[in-house]
Amino acid sequence: MRRAGLGEGGPPAGHHGYANSGYSSLEEENARLTESLRTKVTAIKSLSIEIGHEVKHQNKMLAEMDSEFDSTTGFLSKTMGRLKVLSRGSQAKLLAYMALFSCFVFFVIYWIIKLR
């Protein structure tokens, strides 16, 4: 890095005192800052790569959930259709079946009690 008053890339010829130590300390600071920046950039790069992998994984899971919800929606739609067909049937017929079943259960219980 060029600094004003320090010449074209190195310390001025014949000046070995204060200017040389300033140039050297600036170069060391620049090297330290460059290395720190390189470390931070590497960490951010690896973090962004991990985020990318996580996003791909989450998108895959969302796609699977979407297909499962679609199949569940189809299953529920079919079930609701069947329930609508059952509810459209005659209520008298359903009531007659319930009465016959109740009579059957009553007679079975009566028969069990009578055998004791």
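Biologist: I am new to this structure. How many aromatic pairs does a search of the whole structure find?

Modeller: Welcome! This is a predicted model, and a search through the whole of it turns up 1 aromatic pair. The rings belong to Phe106 and Phe107; their centres are 5.7 Å apart and their planes meet at 65°, so the pair is edge-to-face.

Biologist: How should I read those two values?

Modeller: In general, two aromatic rings are described by how far apart their centres are and by the angle of their planes. Here the angle is 65°, and planes over 60 degrees apart count as edge-to-face.

Biologist: Are Phe106 and Phe107 buried or exposed?

Modeller: Phe106 is exposed, with a relative accessible area of 53%. Phe107 is exposed too, at 52%.

Biologist: Let us turn to charges. What is the general idea of a salt bridge?

Modeller: Side chains that carry opposite charge can pair when their charged atoms come close. In this model the count comes to 1 salt bridge. Arg38 forms it with Glu35, and the closest N and O atoms are 2.9 Å apart.

Biologist: Where do Arg38 and Glu35 sit relative to each other in helix H1?

Modeller: An α-helix has 3.6 residues a turn, so residues three or four places apart point the same way. In this case, Arg38 and Glu35 are 3 residues apart in helix H1, which covers residues 18–88, so about one helical turn separates them. Arg38 is partly exposed, with a relative accessible area of 48%, and Glu35 is partly exposed as well, at 41%.

Biologist: How many helices and strands does the protein chain have?

Modeller: There are 2 helices and 0 strands. Helix H2 spans residues 91–115. Its 25 residues reach 36 Å from the first C-alpha to the last, close to the 36 Å expected at 1.5 Å a residue.

Biologist: Why is H2 said to lie largely in the open?

Modeller: Of the 25 residues of H2, the number buried is 0, so this helix lies largely in the open. For the protein chain as a whole, 3% of the 116 residues count as buried.

Biologist: Which residues form the nonpolar patch on the surface?

Modeller: Phe101, Phe104, Val105, Val108, Ile109, Trp111, Ile112, Ile113 and Leu115 form it, with about 930 Å² of accessible area together. Ile112 is placed in helix H2, and this residue is partly exposed, with a relative accessible area of 45%.

Biologist: What does UniProt list for residues 94–113?

Modeller: The unreviewed UniProt entry lists them as "transmembrane region". In the model, the end C-alpha atoms of residues 94–113 lie 29 Å apart, and the span is 100% helix.

Methods:
Residues are numbered from 1 along each chain as its sequence is written. This is a predicted model: local features need pLDDT of at least 70, side-chain atom pairs count only at pLDDT 80 or more; totals for chains, interfaces and linings use all residues. Side-chain values use heavy atoms; hydrogens and water are left out. Helices (H or I, at least four residues) and strands (E, at least two) are DSSP runs, numbered from the N terminus. Buried means under 20% relative accessible area, exposed over 50%, partly exposed in between (1.4 Å probe, protein chains only). Patches are made of residues with over 30% relative accessible area and no salt bridge: like charges are joined within 9 Å, nonpolar side chains (Val, Leu, Ile, Met, Phe, Trp, Tyr) within 5 Å. Accessible areas come from the Shrake-Rupley method with a 1.4 Å probe; for residues, only the protein chains shown count as cover. A salt bridge is a side-chain nitrogen of Lys or Arg within 4 Å of a carboxyl oxygen of Asp or Glu. Rings of Phe, Tyr and Trp (its six-membered ring) pair if their centres lie within 6.5 Å; planes under 30 degrees apart count as stacked, over 60 as edge-to-face and the rest as tilted. UniProt positions are given in the numbering used here, feature names are shortened, and annotations may be inferred rather than shown by experiment. The expected span of a helix is 1.5 Å times one less than its number of residues.
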